[in-house]
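Please load the model in a viewer and keep a selection box open. The stops below are meant to be taken in order.

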Amino acid sequence: MGPIKPMPNLSLARALDFIKANQNPDGGWGYRPGGDSLVEPTGLCLLALKAGGDTAAMAKGRDFLKACLKESGAVGINPRDPEGSWMAYAALLAFDALGAGSEESRLRDWILGFEDASSRFTPADIKAIAGDYRYDASIRGWPWTLNTTGWVEPTALFIIALSRAGVPLTEKRIKSGVDLILDRRVPSGGWNFGNPYSKLHELEASVMSTAIALAALGAASVPESRPAVGAGIRFLTLSLAGDISTASLAWTLLALESFPAGASQAAAIAARLAGLQAADGSFRRNLFETSLAFIVLSDTAILVRTPGKGR
Amino acid sequence: MTKKPMTRREVVRVLGTSVLSALPAAALAAGRQQSVKGSVSGPLLQVALVPCPDYGPENLAAAIRAGWRSSRPPDVRNKRVVIKPNMVDVSSDRPIHTDPRLVEALVLHLGDLGAREIILAEGTSHNRDSESLFRRSGYEALSKRRGIFLIDLNYDDISPVKCVNPRATLLKELYLPETILSADILISVPKMKTHKLAGITLSMKNMFGILPGMKYGWPKNTLHWNGIPLSICEINGTVKTHYSIVDGVVGMEGYGPVMGTPRKVGVLVMGDNALAVDATAARVMGVDPAHVDYLAMAHKIKLGSLRREDIAVIGEKIEKVRADFVLIPEYSLLRAPKG
């Protein structure tokens, strides 16, 4: 893990300029230029600015995220959202990176208490889900939104953020989240949104879900000797032969860099991702994707700090 | 000077979302516009059932023209039209999503009719990688070829709108994408499919895809916890679908909406009332619409009608094109008797 060698066709400075030029007056960023400010793109843009050392824009962005923090410590999708949600992962990463200690602490506690619906399932529900979808619904993970089931991607995103913020990997929610991810793997390799089966049918894995799940397992120090990890790396490796979206490619770079078996592919993936940069410095004129690409191309340790490596 | 009616976005802008939210069935208000008053003598609703043997451009164009003429289509001249296809996922060997050739034929038809702006918009519900799905589905190429906008509703700007019938704790209000709120005309173009959790999925169920994943998650699990029939009715009661075209050229039977098998029917089902279109498409599938929970609930709360006597079917006779879709055992009781 760590900085990747500069590539001739990539301009991190132009990516940063694109991010700075598209900060909204409220200090936040939307997914697209001019779009309403939201927590996920704002959190990632702040991480990119921090890495690029731009303090003025950072202060306004941090204020936007602080405005999203509720009394309970919850963070929703924007300041008007009455509930906490999955986007809180990005706020935690940003608070941690920017040294907003008190906000970070309140949000971390809220995330650790942000429950999925597993406790609401009756034994009969759990048995029925095990029959139809072949996963253990009693395992606690994180939901996308309040009062709903735990799924692979929000669970993985919260593991990445909590571990990056220094929460011990022995923390029970992180351990349970890892168990959920391992339990939800698609048998032939990889992950999807969180249903390995639907009745008799094995459902297909997807690149984005697999990459985010693997990055979380890397952050939680799950070894690549675990069959689910090895199968996930193989799934991503095979998928690289085909068409992959910008965001999925960025997550794939982060995921494969997290394991020795995948790290050898990092340089090629980074070059491929860099090749997607547009003339205006952006990636698809999407601020989340531009900041994610910036981060994984400059230093993956900004998101996933493998013990003993990185920062 | 004639004052033009406000679009939904303008209503939001002028009144503000808080004011709008305070108005039950407010100006976007779809529920009331979509509803049909009680008992009548003779059919109130009109649905076109049009043969379309394949996805050839000439056949599609002719079928859309014929169906449009013989139903009660919206006036799209100088309007901002949003097409909502069905794309829960994409597969190379299963017809999960609305065929892009049908969508393209509709785009051309709307252009001929003078639509000011055409937008293809979807909020995928399982896989949130819309860049990949839009490419694999053929929608991205279509949007470039025809110069129309392609919008990922999962990450659009959103505004809260109070449900017209907020019976559940989870959906007292709906967060709706600006693309939907600002549409003058919304056209739902679903695939004719069976559904493992709802029995069948057609125009009304297709509206799950207008709710943004960034607020409702993937697979929009809030709607499942709220109850699928109730969620479908609340969404359709709050947001008006002005027209529906069911892609029944090749549908999906068995373990839909993703893992089923192709079923060729060779029809389009078209009309301005989503419930009547769905009820007619259900009959084509060999399903009794009165046995489908959400259709029965929609009928009960007057989002239209599913009764045969309330719907004039123009074009083919249902019995002539009826293709009994394979139903999974849980839904075998949905089967309509023949004759």
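## Stop 1: a helix residue in chain A

Select A:A130, which lies in helix α6 of chain A, residues 123-132. The model is a predicted one. Is A:A130 buried, exposed or partly exposed? It has 13 C-beta neighbours inside 10 Å and therefore counts as partly exposed; the buried class would need 20 or more. Apart from neighbours within four places in sequence, A:A130 is in contact with A:Y135 and A:D136.

## Stop 2: chain A as a whole

Select chain A, which has 14 helices and two strands. Along the principal axes, the C-alpha atoms of the chain fill a box of roughly 55 × 45 × 35 Å. For 311 residues, a compact globule would have a radius of gyration near 19 Å, and chain A agrees because its value is 19 Å. Of the 311 residues in chain A, 56% are buried. Among the chain A contacts with a separation of 6 or more, 65% join residues 24 or more positions apart.

## Stop 3: helix α14 of chain A

Select residues 287-298 of chain A, helix α14. How far apart are its end C-alpha atoms? They are 16 Å apart, in agreement with the 16 Å that twelve residues should span at 1.5 Å a residue. The helix α14(A) is mostly covered, with twelve of its twelve residues buried. The buried residues include A:L287, A:F288, A:L292, A:F294, A:I295 and A:L297, and also A:E289, A:T290, A:S291 and A:S298. To see part of what covers them, show α1 (12-21), α2 (39-52), α11 (246-257) and α13 (266-274) of chain A.

## Stop 4: the cores

Which residues have the most contacts inside the largest nonpolar core? They are A:Y89, A:A91, A:I160, A:A215 and A:A216, in a core of 105 residues. Centre on A:I160: setting aside neighbours within four places in sequence, it is in contact with A:Y89, A:A215, A:A216, A:A219, A:L303 and A:V304. A second, separate core has 97 residues, including B:L186, B:L211, B:L268 and B:L334. In soluble globular proteins, nonpolar side chains tend to be buried together.

## Stop 5: A:L214

Go back to chain A and select A:L214, found in helix α9. A:L214 is buried, because 30 other C-beta atoms lie within 10 Å. Its C-alpha atom is separated by 8.2 Å from that of A:A156, 58 residues away along the chain. Beyond the neighbours within four places in sequence, A:L214 is in contact with A:V229, A:G232, A:I233, A:A255 and A:S258.

## Stop 6: where the chains touch

Display both chains. The contact takes 23 residues from chain A and 22 residues from chain B. On the side of chain A that touches chain B, α9 (207-219) and α11 each supply at least two residues. Which helix gives the most to that side? It is α11(A), with three residues. The chain A side divides into nine nonpolar, eleven polar and three charged residues.

## Stop 7

Select residues 80-85 of chain B, strand β2. Six of its six residues are buried, so β2(B) is largely enclosed by the rest of the structure. B:R80, B:V82 and B:K84 point one way, while B:V81, B:I83 and B:P85 point the other way. The bridge partner of B:R80 in β3(B) is B:E117.

Then move to residues 191-195 of chain B, strand β8, where five of five residues are buried. One side carries B:K191, B:K193 and B:H195, and the other B:M192 and B:T194. With β10 (residues 243-253), β8(B) pairs in the parallel sense over two bridges; B:K193 stands opposite B:M252 there. With β9 (residues 199-201), β8(B) pairs in the antiparallel sense over three bridges, and B:H195 stands opposite B:G199. The strands β8(B) and β9(B) form a hairpin with three residues between them.

Key: Residues numbered from 1 in each chain as written. Chains lettered and ligands numbered in written order. Predicted model: local features only at pLDDT ≥ 70, side-chain atom pairs only at ≥ 80, totals over all residues. Helix = DSSP H or I, 4+ residues; strand = E, 2+ residues; numbered from the N terminus. Contact = placed C-beta atoms within 7 Å. Core = buried A, V, L, I, M, F, W, Y, C linked by C-beta atoms within 7 Å. Pairing = 2+ DSSP bridges. Expected span 1.5 Å × (residues − 1). Nonpolar A, V, L, I, M, F, W, Y, C, P; charged D, E, K, R; others polar. Rg over C-alpha atoms; globule rule 2.2 N^0.38 Å.
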